[in-house]
Amino acid sequence: MVRVTATSDDIEKAADVLRAGGLVALPTETVYGLAANAEDPVAVSRIFQAKGRPPSHPLIVHIAAAEHLDDWVEAVPPAARLLAEHFWPGPLTLVLRRGPRVPLEATGGLEMVAVRVPDHPVARELLRAFGGGVTAPSANRFGSVSPTTASDVRAELGDAVDCVLDGGPCEVGVESTIVDATADTPTILRPGGVTREDLEAVLGYPLTVPSTSGVRVPGQHPSHYAPRARVVLVAPEEVVAESAAAQERGHRVGVFLPPSFAGAPVRAHAVVALPASMAAYARGLYGYLRELDQQGCDLIVASLPPQEGLGLAIANRLRRAAGPRSTV
Ligand code: TXA
Ligand code: MG
């Protein structure tokens, strides 16, 4: 169950903040978002200032229900319609041709717009109370770890946000899967909360996933989702030895200990014993990175999980956290 502490009154007030051109941090099932009225270019530009994000990076428009999709985009190919009907509300974002309601400020100047229907009671009630759509990137400073609790948002953005709605910890924990649905055959731009296998089961054919390097979509460059500590990726069976060696060299090491090594003696400043379930790992991932930062670690030793199911999104975020310094 989602632990929601935002009241209906809080949500009404947040809708007023949106109408006045302000910024609202809202819980979604994936991560917390920093929302502004999608149709107000000045409000949208405040998001970029608050995050320290370059204005060329496109934002996701969040809407209350799948039946509103046609109000925001020009054309919906059959595969996009199928995915929207099947996965919304939920952690899937569809990139489609921009309709006239979407200002270019929200798309970073692109003729395509990313749209999703979040699956969180507070986000949905806010969207219903507000009556329009909101653009909402993850509510973190540009390049850093996405927030999965209301207190993470306050730590990241402080006074830069007019109102924070607390919807408890996010259930999914990694961002939505982004699918380019403009062509007849969709392609995955960013792996996320809806797995590739689930998409393929609904579409009935295999999908391509971009390799981590060389992707040109803004927000997909390396060294994103990064904690302060440097992240080093090694093979699972090297995690324990690498941690000991780095600690020996004088680092304050935080370790992501794979479940197959649970209970092994580890030489490190802080140890995160990873859960065996990929859903639990995804839910905890950003919290673990924040926790190791808070414990003063300067180096995080981790390995990539098997790249199937949610493991694909987790591996993508770990690679980006490691940035160009990755050893894998
Ligand atoms: O789960 C999520 O998707 C969260 C929650 C808050 O909904 N939002 C999120 O937003 O992750 P953000 O801004 O951190 O990442 C959105 C990414 C952009 O970095 C960009 O890569 C992609 O979506 N994107 C947005 N519009 C696009 C477009 N028109 N074409 C291609 N990619 C686009
Ligand atoms: Mg983000």
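This note comments on a few features of the structure shown above.

1. Basis of the note. This is a predicted model, in which local features need pLDDT of at least 70 and side-chain atom pairs count only at pLDDT 80 or more, while totals for chains, interfaces and linings use all residues. Residues are numbered from 1 along each chain as its sequence is written, and side-chain values use heavy atoms, with hydrogens and water left out.

2. Strand 2. Helices (H or I, at least four residues) and strands (E, at least two) are DSSP runs numbered from the N terminus.

3. Partners of strand 2. Two strands pair if DSSP finds at least two bridges between them. Strand 1 (residues 24-26) pairs with strand 2 in the antiparallel sense over 3 bridges, and Ala 25 has Leu 34 as its bridge partner. These two strands form a hairpin, with 6 residues between them. Strand 2 also pairs in the antiparallel sense with strand 6 (residues 134-135), over 2 bridges; there, Asn 37 stands opposite Val 134.

4. Helix 7. Within helix 7 (residues 196-203), Leu 199, Glu 200 and Leu 203 are buried. They lie on the same side of helix 7, because they cover an arc of only 95° around the axis, the arc being that of the directions from the helix axis to the C-beta atoms. The buried residues of this helix pack against helix 3 (78-87), strand 4 (92-97), strand 8 (177-180) and strand 9 (187-190). Just after helix 7, Gly 204 takes a positive phi of about 85°.

5. Thr 148. This residue is placed in the loop between strand 6 and helix 6 (150-157). Thr 148 is buried, with a relative accessible area of 7%. Leaving out residues up to four places away in sequence, Thr 148 touches Thr 30, Val 31, Tyr 32, Gly 168, Pro 169, Cys 170, Gly 173, Tyr 286 and Gly 287. Contact means heavy atoms within 4.5 Å.

6. The lining of the largest cavity. Among the lining residues are Thr 177, Ile 188, Arg 196 and Leu 312. A cavity is a set of points, on a 1 Å grid over the protein atoms alone, where a 1.4 Å probe fits but cannot get out; lining residues have an atom within 4 Å of a point.

Key
Chains lettered and ligands numbered in written order. 1 Å grid on protein atoms, 1.4 Å probe; cavity = no way out; pocket = protein on both sides within 12 Å on 5 of 7 lines; lining within 4 Å. Buried < 20%, exposed > 50% of the residue type's maximum accessible area, 1.4 Å probe, protein only.
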